[in-house]
Amino acid sequence: MKGSSNTDVIHHSMKGEIKSMYLNIHSGIELGAQTLQLSNQYYDLYWEGIIYYPGIEEGESSMKIFLDGLLPRDNGNMILKQVSGLRGTWTLFLHDRAQDIWFAFSDHSHQSFMFFTNTSVSNSFLRLRADIPDKTKTDEEALLCFLYSGYCYTKSIFYSDISRLDYHNYLEIGGSKIVTRSKKLPDVFAGKIIPGSFVSTLEPLIASLRNYNICLDLSGGTDTRALLISLQHLGFDFDVATYGDQYYSEVQIAQETAKLVGKDLKFINLTSRDMNPDDLLLAWRGCDGLDIALDSYKFETWRRKLGYTLVIGG
């Protein structure tokens with residue numbers, strides 16, 4: 001499909017075991033089932049997730065602006081400038097064809113991840129894990145950290161060879177080397193206070209996502225209720241949903257709140273009868289091997305069947 005600025009956009013639907021983006025310094029890039037690609041005469045861009053400039057339509061439209069702003073044989077400064085304005089939950093690879101250099105980025109809020117070894121980069125921990133010959137040789141400190149806290153706060157992610165990219169940094173891949181560099185992000189606590197309300201700040205962000213079928217998590221907490229009122233005030237079309245015991249106070253508050261704004265709360269009561277042994281493996285894979293959030297996995301699977309394509313949580 002042809003677009004402006006001599007760009008071609010390609011939507012890939014890959015078969016086989018590869019489910020995410022993967023770059024090896026020897027064999028090149030492999031694309032996942034959800035990978036999107038956009039190219040011009042200088043660069044190849046691959047991304048997954050929700051990515052946009054505020055106020056610009058998510059995905060292809062924002063990525064064309066990203067590519068159009070790059071110079072040939074860029075030294076990295078313009079790339080960092082273009083990346084710094086992106087929002088959403090995303091990972092991307094950028095290939096400078098003239099210099100044969102790759103760049104790998106994840107979003108600025110640590111919602112999506114890049115993982116790397118000495119020879120490979122991927123937005124999937126499980127994809128890099130597949131390259132490890134002996135999967136029983138785990139990093140003891142990382143494993144203990146996960147068992148104690150439910151999260152890997154260590155530099156290594158279960159294996160000493162696999163690291164998670166800090167969102168302040170990006171990877172430069174070229175000349176058979178993978179080098180970590182700083183994104184040079186501004187200090188959010190040192191900047192000036194931006195005038196305007198929470199609602200006015202939210203408007204350009206959500207405006208980029210109008211083409212999605214949106215479902216808002218609604219609980220008894222103030223965060224989700226603030227988002228509910230804000231989205232309602234801005235005139236966005238969305239549904240609300242929650243799960244749990246219908247007699248639990250969080251669920252009852254969510255039901256009452258939804259009723260007050262004229263929304264029909266989508267609700268599922270997940271019990272042990274809804275779980276089976278295979279769900280544990282599916283949830284583990286769904287969490288990319290980093291967690292086993294069984295209830296959340298079942299909830300999101302249920303919402304996907306209802307046709308929702310974007311979930312907003314507080």
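Author: A nonpolar surface patch of about 290 Å² is made by Leu143, Leu144 and Leu147. This is a predicted model, in which local features need pLDDT of at least 70 and side-chain atom pairs count only at pLDDT 80 or more, while totals for chains, interfaces and linings use all residues. Residues are numbered from 1 along each chain as its sequence is written, and side-chain values use heavy atoms, with hydrogens and water left out.

Reader: What makes a group of residues a patch, and why is leucine 147 called exposed?

Author: A patch takes residues with over 30% relative accessible area and no salt bridge, joining like charges within 9 Å and nonpolar side chains (Val, Leu, Ile, Met, Phe, Trp, Tyr) within 5 Å. Buried means under 20% relative accessible area, exposed over 50%, and partly exposed in between (1.4 Å probe, protein chains only). Leucine 147 has a relative accessible area of 63%, and is therefore exposed.

Reader: Why is the pair of phenylalanine 115 and phenylalanine 125 called edge-to-face?

Author: The whole structure holds 12 aromatic pairs. In this one the ring centres of phenylalanine 115 and phenylalanine 125 are 6.2 Å apart and the planes stand at 65 degrees, so the pair is edge-to-face. The rule pairs rings of Phe, Tyr and Trp (its six-membered ring) if their centres lie within 6.5 Å, and counts planes under 30 degrees apart as stacked, over 60 as edge-to-face and the rest as tilted.

Reader: What makes the contact between arginine 97 and aspartate 44 a salt bridge?

Author: The term requires a side-chain nitrogen of Lys or Arg within 4 Å of a carboxyl oxygen of Asp or Glu, and the side chains of arginine 97 and aspartate 44 meet at 2.7 Å, N to O. Aspartate 44 is buried because its relative accessible area is 11%, whereas arginine 97, at 34%, counts as partly exposed. By this rule the count comes to nine salt bridges.

Reader: Why does asparagine 123 count as buried, and with which side chains does asparagine 123 make a polar contact?

Author: Its relative accessibility is 12%, so asparagine 123 counts as buried. The side chain of asparagine 123 makes a polar contact with the side chain of glutamate 48 (3.0 Å) and another with the side chain of threonine 91 (3.0 Å). The term covers a pair of N or O atoms within 3.5 Å; within protein, one must be able to donate a hydrogen and the other to accept it, and residues adjacent in sequence count only if both atoms are side-chain atoms.

Conventions: Accessible areas come from the Shrake-Rupley method with a 1.4 Å probe; for residues, only the protein chains shown count as cover.
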